[in-house]
Structure formats: structure tokens, C-alpha cells
Amino acid sequence: MEQMSLFDDRKTTAPLASRLRPETLEEYVGQQHLLGPGKVLRQLIEKDQISSMIFWGPPGVGKTTLARIIARKTKADYIEFSAVTSSMKEVRAVMERAEESRKMGVRTLLFIDEIHRFNKAQQDAFLPYVEKGSILLVGATTENPSFEINSALLSRCKVFVLKALEEEDLCRLLHQALSSPRGLGNMKVEIREEDITAVARFANGDGRTALNTLEMAVLNGDVSDDGTVHVTGDVLAQCMNRRSLLYDKNGEEHYNLISALHKSMRNSDPDAAIYWLCRMLDGGEDPLYIARRLVRFASEDVGMADSGALQVAVSAYQACRFLGMPECDVHLTHAAVYLSMAPKSNALYMACEKAKKDVRSMPAEPVPKQICNAPTKLMKELDYGKGYEYAHDAEEKLTRMQCLPDSLKGRRYYRPGVQGREKAVKERLEEILKWKQDGE
């Protein structure tokens, strides 16, 4: 428990984002798709009819604030935990008290921030109490609940998706900070409107980042004789020397960005591919991870339409190993643009997937004797290699020897397309198949 000091003035020492935290739905900024007039969540809150729910969204969009507003509106007891600092022993003790309160007719609203930090076994502890109605569970998470929340628990909670704040929302929030007595309203601050917009844009949808940046700029502004704080362009530039891009190398956004890179290249959009590539690198992604994905893409999405794509991708991987960041960014860009502009074919990928399906679903038949090696006398006596036809001895450099097991005779896996160089491969394969068929 924190010990209070006689000299502790939280209203002035707390960070601006904390001091300015909204206390009512009217003060709350953003999430109009959930909290606008007539929207479901707003009605549930105003009528005090909430059920267990999960708030899912990026940092700084108001998940914890919304839970605290609900706490002020509900008649239930409100208890707040953070999965980062609280143990399951503490949570269980609270749930047991909540069970006793339920018997007395009192509901308990349990808010758990960063609920995804509890593993799925720990999350199981909530289930019986949620089912019996001992607690109304409100969880907040930055991670996709489909992957991070126990499915049994998730099925008992309504998921509300909170979006990154719009630039307009952030500008409104910054103006509130400058005018509110809880914020900077007791100071004379001079800042240009275009600089407020610049801070909002820099925050990238994160209200906390916007307020922290503004507070830092004001604290480092030039103070004139009359006490006015002037936020200059130079000070603001120092406070915004790096945009706060949302990126977690182990989280959902990691997969969203690599998916964006893949699909941009697949759609032959080199500009989008370069942008998503740079977003990943700026977020601290391992360039070798990106390079490995490019190597995979070269065969999965380009394939025989341009076999040179694989060589370019592998060369980019090697260049990344030789140089590392930041120099290797141009090699990754080279490969991403080449792959974007190359003709596309997924025939190799489809062939591989179809063959894997047969391998997994059909009996593992022995290799046909005619294509088995016979290095020993015994194996020759058992007909290993009998009937083998050496293609180089034939005038056409082809034979009609069967190479698949009998149950798969005639099975086609590779069906080349007509893009790029694969068109010639398709024509060649059709000639081979016709020649074999004509000789049967």
C-alpha cells in the first residue's frame, strides 16, 4: 500500500495524462462507434446493465478510463487489478469475497488490465465466478483475444474493439489539456494550431503519447517575463524526434505487417511493399526474418514464372547477414520491389499442398520397384530396379515408365500457369503428357 505524504500534491505531480483522465462519458474522447448516442455500449453503461466484457485495442485509446467510468456508473463494488503486478492468489481472494457479496445481493465488478498477461490456465480461475455471476469481469488487452484469452472465458464475455484515436479526437484532447484546470489551464501556454495538429499526427492514435508529448513541450518551452510559455518549433521537434509506431515483434501487429508486405507484393504494388517493409524495420524487426519471408514468397507466389526471383531473395538474405542494419535496408527493398514486379504463379505452392494432403491422407505405399536402387545381389533377385528405363538412352530423353505408386497413377500436382516464363514450362509439360498418353 502506498504511504501518503503531507506534501504530496497528486494534482500537480501526476503526469498530464493521469490528471486529465475523463470521469464521465461526456468527457471521454473517441470510440463513437461504441459510445455515440444510441450505441449499444453507451446504453448498457447508462442503464447499468453491463455484463462481462473485454476491451481490445491499441495502447492509449481509453480502455482503463472506460472501465473507471463504468465503475462510477454501476452500483456494483469496483475492484481494479493489473495482470502485470497482481498475483493469482490476490485475484482469487477477491473472487472469494465477491462470492460472499453475491450471497448478500451485491455485485462485484472486477477490472483486469493487461488480462492477456495471465496465462490460459490462470484465466480458468475466473470461469466459475463469471458463470455464477459473482463477478462482472471487465478485461483490457492490446492483444487479439482470439489468441490470448481462454476460449471458455471468451465465450462468456462480449468483446468491444476500441480503435486508435482519430487525429481530430487527439486535437480535441490536446485542446482540453490546454484549457482544463486539471491539465494546463492554470498556465499561459502559447502554441500554434498547426503544432497541435503535428503533435496529434505524431501520436499515431495514442492519446497518452499525445498528452505526454504536449506536457514535455510545455515543460521545456521558453518562458517570457509575463509567465507565458512559448512552445517553439525547435522544442517541439526535439520532443517528436521519433514517431511512436505501434509494433510488437511478438504480437499481432507483427503478423499484420508481414501480411501487409506479402499481400502488397502479391498484388504487384511495389510502393506499398516498400512502405510496409520500412514500417517493420523502423519498429525494430530482425531484417533476417523479413529476408526469410521474402525467400519463401519467391517460390510460393512467383515460382516458375520467374525462377530468378528466388536467386534475388536468397542474395538479399545473404546481404543482410553480411551487412546487418541499417545498410541492408536497401537490399531488402531491392528484393521486395523485384518480387512485386515479377510475374506471379502459385502453382508450386498448390502442387506442394496437394501432394502433402495425399501423403497425409493416403496409405504410405512402397516405392515402385522399377525406380528403386539395387546395390546388392539380393535386392536384384527381389526385382529391385527391374524395368527401370534410363531417360538419357531414349531419343526423346523421355520414357513412359510409371514413377508414382499404383493408387496415384496419373495424379497431377503441378499445373503451371501462363505468367512469365511458366508459360513455356506449361507448353513443355503438355507436350510431355501428350507424348506419354499417345504411347499407352
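Colleague: What span should the 16 residues of helix α18 have, and what is the distance between its end C-alpha atoms?

Modeller: The expected span of a helix is 1.5 Å times one less than its number of residues. For α18 (residues 308-323) that gives 22 Å, and the end C-alpha atoms are 22 Å apart, so the two agree. This is a predicted model, in which local features need pLDDT of at least 70, side-chain atom pairs count only at pLDDT 80 or more, and totals for chains, interfaces and linings use all residues. Residues are numbered from 1 along each chain as its sequence is written, and side-chain values use heavy atoms, without hydrogens and water. Helices (H or I, at least four residues) and strands (E, at least two) are DSSP runs numbered from the N terminus.

Colleague: Which residues of α18 are buried, and which are exposed?

Modeller: Buried means under 20% relative accessible area, exposed over 50%, partly exposed in between (1.4 Å probe, protein chains only). Gly308, Ala309, Val312, Ala313, Ala316, Ala319 and Cys320 are buried.

Colleague: What covers the buried residues of α18?

Modeller: Contact means heavy atoms within 4.5 Å. The cover includes α17 (287-302) and α19 (329-341).

Colleague: In what order do the five strands form the open sheet?

Modeller: Two strands pair if DSSP finds at least two bridges between them. The order is β2-β3-β4-β1-β5, with parallel pairing. β2 (77-82) and β5 (158-161) are at the edges with a single partner strand each, so one side of each has no neighbour in the sheet.
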